[in-house]
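Please look at it first and then read the points in order.

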Amino acid sequence: MKRTLKKYFIPHAENNYHPHILHTKRAIFYSLVFLSCKLIIFLFVLALPVTVFTSSDILSQEAKKVALLTNELRAQRNAALLNSNSKLTMAAAAKAMDMVQKSYFSHSSPSGETVSDFVRKTGYRYMVVGENLAIGYATAAELVAAWQKSPTHMANLVDKDYLDLGVSLEAGEYKGQISVFAVQHFAEPMNLPVVEVKPKVAVKPKTSVVKKSTSTLAVVSTTTKNISSTSSQINSTQTTSIVLSEKTTAPILAAGALVGKPFWENPVQKYQHAKEISSVNNIFGMSRNIFLLAVIFFSFALALSIFIEFKRQHPHIIAQTTGLVGLLVLLFLV
């Protein structure tokens, strides 16, 4: 046993100072084996169905990342961070599902519903409201980056009037292909100040009579703010003719719809994104461990070959083994 190990790993006179484990033919064989392993994993990922990347759990996580990236962008512009609002999230989800079910991509549904209608249905009352849409971007980073490149969508992302945010990503078929519909709803909530009129007291001779006037609830009238992908719609509930404040802006329409190419249509991008899928990540973890052990093993063999019998070297053995270790490091990283 010792003699065999010495023959394969330790340079000495019997093996001509050339450890058998590092023979050129064996080095080529090792390289082909490890490359084949990586190729099998790559082909496995390419065969994964799109549904693996568009499950509700994964899209929900990406929606949360969109909110985080939006707030990071707002912090850079000294704008107040947006609060995640459950009603706006419901409105965004309803809009996304409406586009999925009716197979359209627009700020206005086939029945004429706009962002105002979807938000109002949740019971959220707003001063201003806005909407960003996109399709084809399945990751938060790609989605927010695409919105930033559009001046009108970017205006919504950093608008200082907004205080609340709701985001939803839903998968569905669009023009014959599976894609991801992204909806982002912004809003400033409406405050409802109550104006009470104090009772007026009129004094008459011998008799005091108190006349009470009716208390008045005054509600701020609002108009939808439409910046980058927003629909102008009046959202006001008036119980009296009293208007405490009013905010109106001219609608600004987005300059074109944001339609991206899903990452799974690009083999390399699909492979990269597969690493983030928990159900697939175990395979990547196992292969990385194998490559790491191989790096350690052949690095150790190379060190023995160099430092034992240092004066008797085979330069081509050192070069080819160094190349093998470099290949293994590359396979480990990718």
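Which residue in E4 is the bridge partner of Asp 164? The bridge partner of Asp 164 in E4 is Ala 187. The model is a predicted one, in which local features need pLDDT of at least 70, side-chain atom pairs count only at pLDDT 80 or more, and totals for chains, interfaces and linings use all residues. Residues are numbered from 1 along each chain as its sequence is written, and side-chain values use heavy atoms, with hydrogens and water left out.

**Strands and their pairing**

- Helices (H or I, at least four residues) and strands (E, at least two) are DSSP runs, numbered from the N terminus.
- E3 and E4 run antiparallel and are joined by eleven bridges; two strands count as paired if DSSP finds at least two bridges between them.
- E2 also pairs with E4 in the antiparallel sense, over nine bridges.
- In this pairing, Leu 133 stands opposite Val 183, and Ala 134 stands opposite Ala 182.
- Ten of the ten residues of strand E2 (residues 126-135) are buried, so this strand is largely enclosed by the rest of the structure; buried means under 20% relative accessible area, exposed over 50%, and partly exposed in between (1.4 Å probe, protein chains only).
- E4 is mostly covered, with ten of its 13 residues buried.

**Turn and loop residues**

- E3 and E4 form a hairpin with two residues between them.
- Lys 175 is exposed, with a relative accessible area of 71%.
- Asn 78 is likewise not a glycine, yet it has a positive phi of about 60°.
- Asn 78 is found in the loop between helix H3 (56-76) and strand E1 (83-84), and it is exposed at a relative accessible area of 67%.

**Nonpolar cores**

- A nonpolar core is a set of buried Ala, Val, Leu, Ile, Met, Phe, Trp, Tyr and Cys residues joined through side-chain atoms within 4.5 Å.
- The largest nonpolar core has 37 residues, and those with the most contacts inside it include Phe 53, Leu 157 and Phe 284.
- A second, separate core of 20 residues includes Leu 88, Met 99, Val 129 and Tyr 174.
- Leu 157 touches residues including Thr 70, Trp 147 and Phe 186, not counting residues up to four places away in sequence; contact means heavy atoms within 4.5 Å.
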